[in-house]
Amino acid sequence: MAAIYQAVHRRASSLFCRLHSTYVRKMRYLNELKEDDSLCRQAQTSGTFYLFHNLFPFLQKVGNKYLVPQLSAAEMKTILEKFKETEQWIEKSVLIGCSDEHVPHFAVDLGALEKSVIESELKGAFTDLQKALFIVDEKDSSVLASAQSLLRWHDSHQYCSKSGQPTQKNVAGSKRVCHASGITYYPQTSPVVITLVSDGSRCLLSRQPSFPPGMFSALSGFCDVGENVEETVRREVAEEVGLEVESLRYSASQHWPFPSSCLMIACHALVRAQQTEAIAHQLICEWVEQQTSPPA
């Protein structure tokens, strides 16, 4: 009977493992690291680290490519020893993901250490994120954007908004706690809509005075408190170009780290052609008036 039970148990366990994909197992592992400080601290000893300096990611140029190196815990220790620093810097790291083989990835900002020494030792450079996103691989750009957003959040939430006392991050960096007020703070992201407006045959683009010559953009704006995505799209289009949206549809979404952590929600909006003709006529009239009016 015991042999039959063991056989059934092994078969059930095998089926359970097959039913859970690599992605599901990875997400569950990451959740365990976020919830268990001792497990996450242990993972830091076998994980890899992305380096930042005052929120600038570290890159290495190899040939014509820019790579984002991942340092092992041993390599991190070697770098820190050159500054006669303790390994407390590793405690300041934040968990940003893991590989399919469950190798955890962390990000750490070494802004208090001398930048040139690190760059010389590792033969690379700390680079502005806006530039880095255009020169590294797409997979790396996503990791860098997420890591910088989380590091920035921790830097700006070191004190409790209610008590004014310091907050303490958990080992993974997935939250901060104020023990004085009992409040737990979690990283937040701000929803932003970016909308391509069309009348069915033409698309409407706009520009800001700060844009370089020849640059235009789709319309975008933050969601107001209490708004859903559809309401935000209709309001932004009305505010910015004076058009009323007839219909809209969702297209895609993307994390965007500027100015902080944002969720860009892309939509298509349709307006009546008659509206665009009227607005175009109005704008031309206003432009002509500005050109012909005597200077004040």
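Reply: The domain bounds used here come from an automatic or database domain assignment. The model is a predicted one. In it, the protein chain is split into domain 1, residues 1–177, and domain 2, residues 190–289. Taken over C-alpha atoms, the centres of domain 1 and domain 2 are 36 Å apart.

Where the two parts touch, domain 1 contributes eight residues and domain 2 contributes six. The size of an interface is often given as the accessible area lost when the parts come together. For domain 1 and domain 2 the buried area is about 530 Å², and carbon and sulfur atoms give 71% of that area. On the domain 1 side, Gln-130, Ser-149 and Arg-152 account for 55% of the area buried against domain 2, more than any other three residues.

As for specific pairings, the number of salt bridges between domain 1 and domain 2 is zero. One residue pair is in polar contact across this boundary, with both residues at pLDDT 80 or more.

Two helices each supply at least two residues to the side of domain 1 that touches domain 2: H7, covering 129–135, and H8, covering 138–156. Of the elements on that side, H8 gives the most, with five residues. Sorted by class, the side of domain 1 that touches domain 2 holds three nonpolar residues, four polar residues and one charged residue.

Terms used. Residues numbered from 1 in each chain as written. Predicted model: local features only at pLDDT ≥ 70, side-chain atom pairs only at ≥ 80, totals over all residues. Heavy atoms only, no water. Contact = heavy atoms within 4.5 Å. Buried area = accessible area lost by both parts, 1.4 Å probe. Salt bridge = Lys/Arg side-chain N within 4 Å of Asp/Glu carboxyl O. Polar contact = N/O pair within 3.5 Å; in protein donor to acceptor, adjacent residues only side chain to side chain. Helix = DSSP H or I, 4+ residues; strand = E, 2+ residues; numbered from the N terminus. Nonpolar A, V, L, I, M, F, W, Y, C, P; charged D, E, K, R; others polar.
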